[in-house]
Amino acid sequence: MAVIHDVIPAFELFQPTTVDDALALQSRHGAKAWVLAGGLDSFDWFKDRIKRPEVVIDLSQIKELRGIRAVGDGLEIGAMTTLTEVVRHPMVREKYSILPNAAEAAASPQIRNQGTIGGNVSQDARCWYYRGGWPCYRAGGNICYADTPTGLNREHAILDADRCVAVNPSDTAPALIALDAKMVIRTPKGERVVNAEDYFIGPAIDITRMTILQPGDLLTTIRIPSTWAGSQFYFEKARDRSVWDFALVNVAAAVVTSGNAIERIRLVVNGVAAHPVRLTAVEAAVQGKPRNAETAELAGQLAVRGAQPLQYNGYKVPLMRNLVKRAIRGVAGGEAA
Amino acid sequence: MNLIEWAQNPWGQQIPIHIGWNLLWVSAIGALLFLIGHAIYVRYWAKAVTVHSDSRAATTGRALQVPERVARHSLGSRLFHLIMAIAMLALLVTAFLPKVGVRFAWVTYHWIAGIVLTISVIYHIFHASFWLDFWSIWPDKEDVEDASRRFKRALGQSAPPPRKFAKYPLENKLYHLVVMLAGLTAIGTGLFMMKRVQTPFFTRNPYLFGDMTWGWMYVLHGLAGIGFVALVTVHIYFAIRPEKLFLTKAMIFGWITREQYLEHHDPARWPIKEPPSEAGPSKSKTVPA
C-alpha cells in the first residue's frame, strides 16, 4: 500500500471567486490542473504521491457554487454545498428526505462539514490497488489487480464489471438518481444539463473515469425537480463500521403509492458497480403491485439477476437482494422511511 | 513523446504497459503526408515507365489468345477480402475512437471483430496455400531486379527497362508482407489478451504470463494497431487512385479486361490457364489466370 506522507508535494494554488475564472484556469492549465472541492478525496491522492498536479484550482471561494435555493417547483443545490448543509436544510429535509439521509450516512461529522455534495458524487474509486498507485486499468495500465484469483476484492463489483471491478463509493449518488436530479455542468462550450443517472459511467465506456466530466468541465449545480417531492423514501447503507465507512451496498428508493399499490418507483443501488445502478427492470416489475413481502421477494430476486461475484464478494449478492427487498417493503434497517 | 508507457508494478519492476497513444497521431499524420507526397510526385514528376521489349513482344504475340475478361480474384478471395476489410475497420474504429474521445463500450465489439478477422485469416492461409497460386504474392528475384531497374531509371541512370508485373506488382507484394506481419502480430497478441477480459471462450486468467510478458504483448498489439492505421489509410488511397481503380474493381467483380491485362501484366509471368472459371458474370468467356 502507499505510504502516507505528512507533507504533500508542492503545487501552484489558485482560488478563483467565480465559475468563469475557474473555467478559464482549467482551460489555461488543461490536464495539469486538479479541481479541488472539499479536498477529502484529493488530499488522499496528494499525500500518497499518486497524483501530483502542478496546479490546483480550489473552488471554495466561489460563492455561486454554494447554497440551496428553491427554484420553480424544485431545488437547486450548489456543487460546493457541504454535506452537513444538505443534511440540515429544512426544505430538503421536508420534501426530499432521502437526500439528507444519504448525505448523513456519508463518512463522519467532521468530513461532512468539509465534504461537498459535488465532491461526493464526483469522487474517485476507492479500490486500494488503484489508490495504491499500481498500474491497473483505471490508472491507465492493462490489468485489474482486484480481479485476479488472489485479488482482495471483498468490496468490489458484482455488476457491470468490464476489466475494472472497482465500485462507486458515493452515498448521495443513488439518492439523487432516485430523485431524478439533473446535473448542471459548465464546459468550455457552454452549459450542459444531464440526468444524474447519466452523470456516472462504467468502465466499459471510460475505464479511467467515474463520471462524464472531462478535463475543463465543472459540475456547478444539482437540480432536484419536484417530481418525487414528498414521496415515500427509503435509504439504507450496509457497511462494516456504522460510525464511518464506505458502503458495501446502499439502496435508495422513491415510491409513490396508490392505496397499497406501487404507482411509481425509482430504485437505485450503489457499491455494486462502478456506477450507481438504477434497477429499471425491477421498477417495471413491481409497478402496480402491492407493496408487500411477495412483491419485495420478486424485486429482490430480479435485482441480482446477472450478478457475477468475484472471489471474495459473493456476500454482496444476498446483501443487495435483501436491501432491495427492504426498500420495496419500506421497513426495517432503513435510515429513512 | 513516449514511444512506450512504463509503470512500476507491485513488485517494484518497471514494466511496459502499452505504447504511447500519441503514436496514433504519428501514424495517421505520417500516412497522410505519404499520400500527399505520393499524389504530388505522381502529378508532377513521375514519368511513364518504358517496359522491356521482350514483355511487349510477348504481349503482342499472345494478345489474340487472351479472353475479353481475365479472372483475377476468385469469389472466395473476394469474400475473404471483404470480410477481412470489415473486421479490420471495425477493429480500428473500436480501438481508436475511444482514444480520441469518442466514448462507448468498445471491448466486446473489438474482440468479436478480432475473432472474425482471425477466422478469415485462417481461411485465407488455407485457401491461398492449397487453392491459389501461393507464391504469386511473394516478392521474387525478378521483382527485385525490376525494382532496381525502375529506381535507377527514375534517378536518370542507365538501366535496362523493367518487365511488366506478374499477377501482383512489387508494391502489392510488399504491402501484403507488411500487412501479414502486422496482422499476425495483432491476432497473436489479441488472442492472448482475450484471456484478460470476459468472453464466452476463456476463463479469465490475468496471470497466464508475467507482467513483463503481458506488457510487451500490449506494446506489440498497440504497434500493430497503429501500424494498421497507416496501412489501411494508404491502402484506401491506392484503391481509389485512378490508375489503380481497375485493380479495385477486380477485387469487387473478380476480373480485369484483356486490355488491362496486356497493358499492366506480363503474360509470361502471369500466364492464363485454361477454364473452368469462377469469376463474375460475363457475357464473354472469362479465363482464370
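What share of the contacts in chain B with a separation of 6 or more comes from residues 24 or more positions apart? The share is 74%, where two residues are in contact if their C-beta atoms, placed from the backbone, lie within 7 Å. This is a predicted model, in which local features need pLDDT of at least 70, side-chain atom pairs count only at pLDDT 80 or more, and totals for chains, interfaces and linings use all residues. Residues are numbered from 1 along each chain as its sequence is written, while chains are lettered from A and ligands numbered from 1 in the order in which they are written.

Staying with chain B, there are nine helices and five strands; helices (H or I, at least four residues) and strands (E, at least two) are DSSP runs, numbered from the N terminus. Along the sequence they follow the pattern β-β-α-α-β-α-α-α-α-α-α-β-α-β.

Now for chain A, which has an open sheet of three parallel strands in the order E1-E3-E2. Strands E1 (12–14) and E2 (33–36) of chain A sit at the edges, each pairing on one side only; strands pair if DSSP finds at least two bridges between them. E2(A) runs parallel to E3 (residues 55–58) of chain A over four bridges, with A:Ala33 opposite A:Val55 in E3(A).

Further along, helices H12 (residues 293–303) and H13 (residues 316–329) of chain A have axes that come within 8 Å and cross at roughly 145 degrees. Axes here are lines fitted to C-alpha atoms, for helices over the stretch in contact, and angles run from 0 to 180 degrees between N-to-C directions. Residues making this contact include A:Ala296 and A:Gly300 of H12(A) and A:Val324 and A:Ile328 of H13(A).

And where does A:Pro276 lie? It is in the loop between strand E11 (261–270) and strand E12 (277–278) of chain A. A:Pro276 counts as buried because it has 28 C-beta neighbours inside 10 Å. Leaving aside neighbours within four places in sequence, its contacts include A:Ile177, A:Phe200 and A:Val268.

Finally, the two chains meet: 11 residues of chain A are in contact with 14 residues of chain B.

Notes. A residue is buried if 20 or more other C-beta atoms lie within 10 Å of its own, exposed if 12 or fewer, and partly exposed in between; C-beta atoms are placed from the backbone.
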